[in-house]
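I opened my notebook next to the viewer today and wrote down what I looked up, entry by entry. Follow along with the model if you like.

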Amino acid sequence: ANKLTSVASIPPASARIKFLGDMAAWQRRMMLWNTWQPDIALRGKLDFEAAALVDASHVEVTKANWVAEPLEVQTSQWKIAEPQMKGEFQGRIDSQNLTRLEIASLEVQAASFALRAADNVKIEGDAENRVGAGAFRINLANLTSSMNSPSAIAPSTDPSRNPIAPLGSRDGRSVATATQPLPLRLSGEIVGNASWVVTKKGLTWKVTADGTDILAESNAPRSVAPGALVSTSPNSNRGANGSQKIWEEQRIRTVCEGSWDAATGAVKMSQTDLQTGWVAYAGQLVWDPTHQSQALNMNGKYTYDAAKVTERMQQYLAGWVALEGQRTEPLDVTLLKLPEGATTLSGLNADTKLGWERASAIGLNIGAAEIPVKIDRGILQLASAIPINQGKVQFDMTADLSKEPLRIVQKKGTVLDHVDITPQMYQGWLQYVTPIVA
């Protein structure tokens, strides 16, 4: 007993820990020692080195750095491959008390992302809270390329040679499950920062992110219905590689500030902001699993420039519509709790407005208009009267968004009221719709 006491009283000794080798080989050996078959596969050479304090009862890591070259992580659902990933850690990891983790500095760099963070325990009275902050950068082109890269881990029926083989089976033998490439190709850069506080009551956070030259393109070829007419004119929305442009933003800024309640599981976002060159939104969001009737509630206001909206939507409008005017409108969305088996849209409630100061469309001169948009338990309701060509167009229609196929029902009544036919209509689409009148 005296010997054990004397060993325990020896002060911690400095130690250097180093691992250098092939991660796939390490994982194969671990799987041979253990019957557990993880849904993950690692590949690449890892060079890991750490400085630590070691005694008879614990290990305390104070510094670590690593380089993986290359690094591939693959599961049955996703994969990511980086030509190189390196990182550096300074702080404290105590094997006896992992909750007292201290991160004085953590830096990770890869081709598709980089992050820097710090996190430590802050004692306030009897409470111990975790306070942290960090910054990040994401290269979307490199990220999607990394996630779409060909797998370097070949499927195998031998679990000792392929860690992810047990994920599926064929003829009684285990085989790997292949991941599918992403349907989208993204490019641009996102740079942001985050801060957080973790307490026994829950979590509070704030994240700010700025995107530059964001572009989303479809990898899938454009589908054409049988018998449909196909334009042979050049398409400015189709890239040189045959991909179809879905959306593009030169600048976008998002801010999200909120909290999570550990007792109830409720998430409250006190600030959710989105800003682009053509639309801005500011509001709040609450998701509370303890609420009797509501699963989610979102309310706020959005401001948009109708002319810029038209410009952004040209790839879909093909120049047929032009809007003008700036507006700020409220937006209130509620998602109700539903019985099992009910469709999500049948519990959707929403209330907002759309409008413009002036507009033109296929030879029609359209005046200022405001269109209330209401959704009540999945039933869309639109009703308004819009001045057009010295007359007006009146509509009062409903549609059940939870039903397929979607049916739009217009109530009986006068739709076109004294709408003049203009020369532009004669020379345009009207000559094809009613050639005798034109």
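**Overall picture**

I began with burial: 30% of the 438 residues in the protein are buried. I call a residue buried under 20% relative accessible area, exposed over 50% and partly exposed in between, using a 1.4 Å probe and protein chains only. A reminder to myself: this is a predicted model, where local features need pLDDT of at least 70 and side-chain atom pairs count only at pLDDT 80 or more, while totals for chains, interfaces and linings use all residues. I number residues from 1 along each chain as its sequence is written, and side-chain values use heavy atoms, with hydrogens and water left out.

Next came the secondary structure, where I find 7 helices and 28 strands. These are DSSP runs numbered from the N terminus (helices: H or I, at least four residues; strands: E, at least two). Among contacts with a separation of 6 or more, 50% join residues 24 or more positions apart; a contact means heavy atoms within 4.5 Å. The accessible surface comes to about 27400 Å², and carbon and sulfur atoms hold 57% of that surface. The areas come from the Shrake-Rupley method with a 1.4 Å probe, and for residues only the protein chains shown count as cover.

**A nonpolar patch**

I then looked for nonpolar side chains on the surface. Met30, Leu32 and Trp33 form such a patch, with about 450 Å² of accessible area together. Patch members have over 30% relative accessible area and no salt bridge; nonpolar side chains (Val, Leu, Ile, Met, Phe, Trp, Tyr) are joined within 5 Å, like charges within 9 Å. Leu32 belongs to helix H2, residues 23–33, and counts as exposed because its relative accessibility is 63%.

**Helix H3**

Which residues of H3 (residues 140–148) are buried? I noted Leu140, Thr144 and Ser146. They sit on the same side of H3, because they cover an arc of only 155° around the axis; the arc is taken from the directions from the helix axis to the C-beta atoms. Their cover includes strands S6 (79–82), S10 (127–139), S13 (184–199) and S14 (202–218).

I zoomed in on Thr144, which counts as buried because its relative accessible area is 5%. A polar atom of the Thr144 side chain lies 3.4 Å from the backbone oxygen of Leu186. At the start of H3, a side-chain oxygen of Asn139 comes within 3.2 Å of the backbone nitrogen of Ala141.

**Salt bridges**

How many salt bridges does a search of the whole structure find? I get 14, each a side-chain nitrogen of Lys or Arg within 4 Å of a carboxyl oxygen of Asp or Glu.

Arg327 pairs with Glu357, with the closest N and O atoms 3.9 Å apart. This pair links distant parts of the chain, 30 residues apart: Arg327 is in strand S20 (residues 326–336), and Glu357 is in the loop between S21 (348–356) and S22 (358–361). Arg327 is buried at 13% relative accessible area, whereas Glu357 is partly exposed at 36%. Both belong to a salt-bridge network that links Arg327, Glu329, Lys353, Glu357 and Glu370.

My next bridge was Asp396 with Lys411, closest N and O atoms 3.7 Å apart. Asp396 lies in strand S26 (residues 391–400) and Lys411 in the loop between S27 (408–410) and S28 (416–417), so the pair ties together parts 15 residues apart in sequence.

Glu248 is partly exposed, at 34% relative accessibility.

Methods
Polar contact = N/O pair within 3.5 Å; in protein donor to acceptor, adjacent residues only side chain to side chain.
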